[in-house]
Amino acid sequence: MRKNQQTLCYSAPAVTLGNNSSAKNFAYFTPWLFVFTLIWLAGYATIFPDPIGLAASHWPLIIVGVLGAFIGNATAIGGGIVFIPVLMFAYQVDPVSALKLTFVTQAVGMSSGASGWLRRGEVPLSLLQWTVPALIIGTMMSTFLIHPQPMLVKGLFGPIAFIAGLLTLITLDRKGGRTELPAKARIPIVLVSFIGGMITGWVAIGEGEIIAAFCMLAYGLNANRAIGLGVVLLSLNSLLLAFVHALYFGGVPWDMAAFTMLGVLWGGRLGPFLAQWISPRATKKGFAFIALLDGLMITLQASYMMYFR
């Protein structure tokens, strides 16, 4: 009986949890959310000379942060799928500055969401010893050896976003029966983690969705556990890149990042929280089309600038 219950829980996680009140044990509101919000308010009022005027012009970025964190933690795509296009097109921020803002914002939002996936026990922790070193090496190579440039960011972001959208659609109905990967998957997942780390260093997205899709498609890993792994890896990657760009390279637009970081603080837990109550299929489908649209739009603009400038 216990085995059958486990199988049911993994094959239809959202529906089963949504219908079992005893399984709804992941609370959205926590004391830490309010504590960090108070810390944010104190820091914001202290650091910026005109907090009221700044809030009047940049408050919509809080909503952008909530949406980006929700998407990033529900699908492992990453909030950059929202942040970079909005910053470039709505706020006229250059691609590299948008990338830097995305790193520091994802460091908060993906970490908030990762804590939720870890609390739900949906992360195969044994895989971290194989994936984390590889993603760090890949990230350091793309950050220091081939430093992100405006055309590189725009040229790669479009195709990567489009691929991430396609992978989300392809894996939409994949449930998967495995809770862990076999030993033969270790070398392939190291290579995929390395490639994902390189891509994330250039465009802020890639690591989470590539890992999640690979685990589901190649080895039939349970969808929730694959996404949980992807979210944790993108969280670690974003933390690393945030420190590198904030402390070493500089150039982070903190006046905007302050608002997106507040948004992702509250939006990061929405993914794992709502997965307890509703099927994520429709949500993921909508997010996939956002990624496809982003990818197509930015690819066309980058191509236009390359050939007609």
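Modeller: One definition before we count anything: helices here are DSSP runs of H or I with at least four residues, strands are runs of E with at least two, and both are numbered from the N terminus. Also keep in mind that this is a predicted model.

Biologist: Thanks. How many helices and strands are there in the chain?
Modeller: The chain has 15 helices and 0 strands.

Biologist: And what share of the residues counts as buried?
Modeller: Of its 309 residues, 53% are buried. As for contacts between residues at least 6 apart in sequence, 86% of them join residues at least 24 apart.

Biologist: Let's look at some helix packing. How do α5 and α6 sit against each other?
Modeller: Helix α5, residues 60-75, packs on helix α6, residues 80-89, at an angle of about 150°, and their axes are 8 Å apart. Angles over 145 degrees count as roughly antiparallel, so that is how α5 and α6 run relative to each other.

Biologist: Which residues meet there?
Modeller: From α5 you have Leu61, Val64, Gly65, Leu67, Gly68, Ala69 and Ile71, and from α6 Ile81, Val82, Phe83, Val86 and Leu87. By class, that contact has 10 nonpolar and 2 polar residues, with no charged ones.

Biologist: What is the length of α5, end to end?
Modeller: α5 has 16 residues and spans 23 Å from its first C-alpha to its last, close to the 22 Å expected at 1.5 Å a residue. Its buried residues include Leu61, Val64, Gly65, Phe70 and Asn73.

Biologist: Is alanine 204 buried or exposed? And what about glutamine 92, buried or exposed?
Modeller: Alanine 204 is buried, because its relative accessible area is 0%. Glutamine 92 is at 65% relative accessibility, so it counts as exposed.

Biologist: Changing topic: how do α3 and α13 cross?
Modeller: The axes of α3 (residues 31-47) and α13 (residues 254-267) come within 10 Å and cross at roughly 170°. α3 is therefore roughly antiparallel to α13. Among the residues in the contact are Phe34, Trp40 and Tyr44 of α3 and Phe259, Leu262 and Trp266 of α13. That contact has 10 nonpolar residues, 1 polar and no charged.

Biologist: Last one, histidine 245. Where is it found?
Modeller: Histidine 245 is in helix α12, residues 223-249. It counts as buried because its relative accessibility is 1%.

Biologist: What does the side chain of histidine 245 make a polar contact with?
Modeller: Its partner is the side chain of lysine 100, at 3.0 Å. Leaving aside neighbours within four places in sequence, histidine 245 is in contact with Lys100, Phe103, Thr143, His147, Gly250 and Val252.

Biologist: Great, thanks for the tour!

How values were computed. Residues are numbered from 1 along each chain as its sequence is written. This is a predicted model: local features need pLDDT of at least 70, side-chain atom pairs count only at pLDDT 80 or more; totals for chains, interfaces and linings use all residues. Side-chain values use heavy atoms; hydrogens and water are left out. Axes are lines fitted to C-alpha atoms, for helices over the stretch in contact, and angles run from 0 to 180 degrees between N-to-C directions. Angles under 35 degrees count as roughly parallel, over 145 as roughly antiparallel, 65 to 115 as roughly perpendicular and the rest as oblique. Contact means heavy atoms within 4.5 Å. Ala, Val, Leu, Ile, Met, Phe, Trp, Tyr, Cys and Pro count as nonpolar, Asp, Glu, Lys and Arg as charged, and the others, Gly among them, as polar. The expected span of a helix is 1.5 Å times one less than its number of residues. Buried means under 20% relative accessible area, exposed over 50%, partly exposed in between (1.4 Å probe, protein chains only). A polar contact is a pair of N or O atoms within 3.5 Å; within protein, one must be able to donate a hydrogen and the other to accept it, and residues adjacent in sequence count only if both atoms are side-chain atoms.
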